[in-house]
Amino acid sequence: MDQTKKQIAVIGGGIMGVALAYKLAQQGMQVDVYERGDNLGGLAGYMLYDGVRMDRFYHTILSSDTMMQSLMEESGVENKRHFTATKQGFYDNGKLYDFNTPLDFMMFPPLNLIQRFRLGLQVIYAQFESDWRKMDSVPVEKWLLKVSGRGAYNKVWKPLLRAKFDTTAESVPATYIWSRLKRMMGTRSGVTSKEMMCYLENGYYTLIEGLAQKCEALGVKFHLKAPIEEIVIENGRATGIKLAGTVLPYDAVISTLASPILGGIIPQASQSFRDLLAKQQYLGVMCPLVILKKQLVPYYVVNITDESIPFTAVVETTNLIDPQYVKDYHIVYLPKYLAPDSPIANWSDEQVKTEWMKYFHQMFPDFKDSDIAAFIVQRAKFVEPIRPMNTLNEIPTIQTPVDRLYMGNTVMIYPDLGNGESVTRFAMKVVDQLVADARNWQTEKPAPVQKVVT
Ligand SMILES: Cc1cc2nc3c(=O)[nH]c(=O)nc-3n(C[C@H](O)[C@H](O)[C@H](O)COP(=O)(O)OP(=O)(O)OC[C@H]3O[C@@H](n4cnc5c(N)ncnc54)[C@H](O)[C@@H]3O)c2cc1C
């Protein structure tokens, strides 16, 4: 270690942790990243099937994700990047419909003419709404009903809200749907109104791996299978981390962990700060990955309006990814976002498979079990933050109440949605703050490594 450099510990090796390490190292800091898993990536990590690397959860990067596009270029993986125009569908009452262009909107059979018009108006209306703080005290249902009306709300918005927020949909503010509409419209290119999405050969991990290599060239050290047990706090200041009973001293610590996890490893922080972290709620996700021998649908995503179907979308990523990069398999994800108290989170993989396949066959009766190569259940607990109305003052800040303990996670990204683009943009804010503060740190040397008696 170069003792003249500021020594920074980053906890968590997801996209936030890796982006932070990269930018801090560029600023001349000595960075160590600690990841509890055996790979980097976190939610954007991968799994292996038949020697093929596949995203654990479906991941796409949009052409309008400028930060992600530049990180791909800086990490030298842009030659593995492909842009594709994808299609979106809607499944209603046993039928599949195209749902892409303004014409599809206007022809969408489950809605009558007026409902279609009002739905289109809602999308346009969102583009002109710029004061998202005003929307933060308006329930999402009320905001949508005002412009879309009950018919379009029940047929389109309600199932989409259920898909994203499960049973918590009623408590979320209008800001969420506004953010989504804004992001969705960002992917439309010109008059063709086609979705422009991009993927990397071998998945999202290609970017994380490329970035990690850049980091290592700048002196960053990655520690895998390294679950941090505690952030050491002395006299109100973060002075190091505890790993396998050993205290490792640092000038500053940055946590990229979900807020409740961070709250659990800072016993020396104030009760009020730990309470604030504990009350940050997240939706989880149950997301089986079905590996098929042939194409299921021609859409990247099919939204499902039928509430009796346990999964809320069919995401066939090989309508974006060329199947030649995944041994000609066709990859389908069947996600369901879960409210914090959802009993489905406790289902066994077998139970999920039985229930999901029952409805899969109902939706696609011509599809035979022999067309399915594998059914692999992926799940995660802390995925999408839930920000109830009028709680903007409960969002944690980058510089925590503990001196030299910084944090960055998706709870703090509001009103943007949690995705690679917003996460890496937020990482830059954390870096800017830490670098500015570091100018005022005293230049004392970190204490030597001590063994803690447990
Ligand atoms: C189903 C699904 C679909 C998505 N689709 C997209 C998409 O299409 N496009 C897109 O851009 N984004 C998408 N996202 C969102 C994206 O994955 C996340 O926004 C992003 O990965 C969050 O990164 P992060 O680093 O903030 O958090 P995480 O990925 O959660 O990273 C936190 C890391 O901390 C580690 N950790 C936890 N505890 C400890 C500990 N005690 N010590 C050390 N390490 C610890 C975890 O193992 C994890 O690796 C999707 C997510 C899901 C679940």
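This is a predicted model: local features need pLDDT of at least 70, side-chain atom pairs count only at pLDDT 80 or more; totals for chains, interfaces and linings use all residues.

1. In which loop does Pro415 lie? Pro415 sits in the loop between strand 22 (405-407) and helix 12.

2. You will find Asn93 in the loop between strand 7 (88-92) and strand 8 (95-98). As background to these two points, most residues other than glycine have a negative phi, and most peptide bonds are trans.

3. Now to the overall layout. The domain assignment of the protein chain gives domain 1 (7-59 + 203-280 + 396-451), domain 2 (101-188) and domain 3 (282-386). The C-alpha centres of domain 2 and domain 3 are 24 Å apart. Their contact takes 11 residues from domain 2 and 12 residues from domain 3. On the side of domain 2 that touches domain 3, the classes are 5 nonpolar, 2 polar and 4 charged residues.

4. The ligand has 34 residues around it, and Gly12, Gly14, Met16, Gly42 and Asn419 come nearest. By class, this shell holds 18 nonpolar, 14 polar and 2 charged residues. Domain 1 and domain 3 each contribute at least three residues to the shell.

5. Helix 1 gives the largest share, 3 residues.

6. Helix 1 and helix 12 also pack against each other. Their axes come within 9 Å and cross at roughly 40°, so the two helices are oblique to each other. Helix 1 passes helix 12 in a right-handed crossing. From helix 1, the contact uses Ile15, Met16, Ala19, Leu20, Lys23 and Leu24, which meet Gly420, Val423, Thr424, Ala427, Met428, Val430 and Val431 of helix 12. These residues divide into 10 nonpolar, 2 polar and 1 charged.

7. Helix 1 has another partner in helix 8 (residues 205-217): the axes come within 9 Å and cross at roughly 30°. Helix 1 and helix 8 are therefore roughly parallel to each other, and their crossing is left-handed. Here Ile15, Val18, Ala21, Tyr22 and Ala25 in helix 1 meet Ile208, Leu211, Ala212, Lys214 and Cys215 in helix 8. The contact of helix 1 with helix 8 has 9 nonpolar residues, no polar ones and 1 charged.

8. Lastly, how do helix 4 (residues 113-128) and helix 6 (residues 140-165) pack? Their axes are 8 Å apart, at an angle of about 125°, and helix 4 and helix 6 are therefore oblique to each other. Helix 4 passes helix 6 in a left-handed crossing. Helix 4 brings Gln115, Arg118, Leu119, Leu121, Gln122 and Tyr125 to the contact, while helix 6 brings Leu144, Val147, Ser148, Gly149, Gly151, Ala152 and Val156. By class, the contact of helix 4 with helix 6 has 7 nonpolar, 5 polar and 1 charged residues.

Methods
Residues are numbered from 1 along each chain as its sequence is written. A residue is near a molecule or strand if its C-beta atom, placed from the backbone, lies within 6 Å of it. Helices (H or I, at least four residues) and strands (E, at least two) are DSSP runs, numbered from the N terminus. Ala, Val, Leu, Ile, Met, Phe, Trp, Tyr, Cys and Pro count as nonpolar, Asp, Glu, Lys and Arg as charged, and the others, Gly among them, as polar. Domain bounds come from an automatic or database domain assignment. Two residues are in contact if their C-beta atoms, placed from the backbone, lie within 7 Å. Axes are lines fitted to C-alpha atoms, for helices over the stretch in contact, and angles run from 0 to 180 degrees between N-to-C directions. Angles under 35 degrees count as roughly parallel, over 145 as roughly antiparallel, 65 to 115 as roughly perpendicular and the rest as oblique. A crossing is left-handed if the near helix is turned anticlockwise from the far one by less than a right angle, and right-handed if clockwise.
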